[in-house]
Amino acid sequence: MISFKVDDLKEMNAFLKIFSDYLESENVDEDSVFDSRLVSCELISNVLKHCGQSAYFDGVLTGEEIIINVFGDRPVGAIPKPTLPEALAESGRGLYIINEVSGGNIRVHGNKITVILKRK
């Protein structure tokens, strides 16, 4: 398992590289590593942007699943089922992409968002 705390976007990429390297060392295919990084980046960015707090990350590989948990210090509240946003919409694309990439495997538990990706 890889765990870290991100306080700003500047340090996010360095931490996500550690997670990507971990997945690659476990022979996870390139597409699944890309999807994992995409989901992680979107979730961390959303916590930093919309919650105004640090983002905490846990990522683990369990057999054929990559489990990503991102959470802040406070509950995130209800997250509606993402729908395809308008082309020029200012928000909503990230959650839509996460939902599509994960096949809808998104769960919210208090202040934690869990996304489960299947290895390809």
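Predicted model: local features only at pLDDT ≥ 70, side-chain atom pairs only at ≥ 80, totals over all residues.
Trainee: In which pattern do they follow along the sequence?
Mentor: The pattern is β-α-α-β-β-α-β-β.

Trainee: And how many of the residues are buried?
Mentor: Of the 120 residues in the protein chain, 39% count as buried. Buried means under 20% relative accessible area, exposed means over 50%, and partly exposed is in between (1.4 Å probe, protein chains only).

Trainee: What about contacts across the sequence?
Mentor: Take the contacts in the protein chain between residues at least 6 apart in sequence: 60% of these join residues at least 24 apart. Contact means heavy atoms within 4.5 Å.

Trainee: Switching to helices. At what angle do H1 and H2 pack?
Mentor: About 150 degrees, and the axes of H1 and helix H2 (residues 30-51) are 10 Å apart. Axes are lines fitted to C-alpha atoms, for helices over the stretch in contact, and angles run from 0 to 180 degrees between N-to-C directions.

Trainee: Parallel or antiparallel, then?
Mentor: H1 and H2 are roughly antiparallel to each other. The cut-offs are under 35 degrees for roughly parallel, over 145 for roughly antiparallel, 65 to 115 for roughly perpendicular, and oblique for the rest.

Trainee: Left-handed or right-handed?
Mentor: The crossing of H1 and H2 is right-handed. A crossing is left-handed if the near helix is turned anticlockwise from the far one by less than a right angle, and right-handed if clockwise.

Trainee: Which residues make that contact?
Mentor: Among them are Leu9, Met12, Leu16 and Phe19 of H1, and Val33, Arg37, Ile44 and Leu48 of H2. By class, the contact of H1 with H2 has nine nonpolar, five polar and three charged residues. Ala, Val, Leu, Ile, Met, Phe, Trp, Tyr, Cys and Pro count as nonpolar, Asp, Glu, Lys and Arg as charged, and the others, Gly among them, as polar.

Trainee: What happens between H2 and H3?
Mentor: The axes of H2 and helix H3 (residues 93-102) come within 10 Å and cross at roughly 145 degrees. That crossing of H2 and H3 is left-handed. Residues that meet there include Leu38, Val39 and Leu43 in H2 and Leu95, Ile97 and Val101 in H3. The contact of H2 with H3 has seven nonpolar, two polar and two charged residues by class.

Trainee: New topic. How many salt bridges are there?
Mentor: The count comes to three salt bridges, a salt bridge being a side-chain nitrogen of Lys or Arg within 4 Å of a carboxyl oxygen of Asp or Glu.

Trainee: Where is the one with Asp21?
Mentor: Asp21 pairs with Lys17, and their closest N and O atoms are 2.9 Å apart. Asp21 and Lys17 are four residues apart in helix H1 (residues 9-25), so about one helical turn separates them. Asp21 is partly exposed at 34% relative accessibility, and Lys17 is partly exposed at 47%.

Trainee: And which residue does Glu65 pair with?
Mentor: Glu65 forms a salt bridge with Lys118 (2.7 Å, N to O). Glu65 lies in strand S3 (residues 65-71) and Lys118 in strand S5 (residues 112-118), so the pair ties together parts that are 53 residues apart in sequence.

Trainee: Last one: what is the phi of Asn27?
Mentor: Asn27 has a positive phi of about 60 degrees, although it is not a glycine. Most residues other than glycine have a negative phi. Asn27 is found in the loop between H1 and H2 and counts as exposed, at 65% relative accessibility.

Conventions:
Residues numbered from 1 in each chain as written. Heavy atoms only, no water. Helix = DSSP H or I, 4+ residues; strand = E, 2+ residues; numbered from the N terminus.
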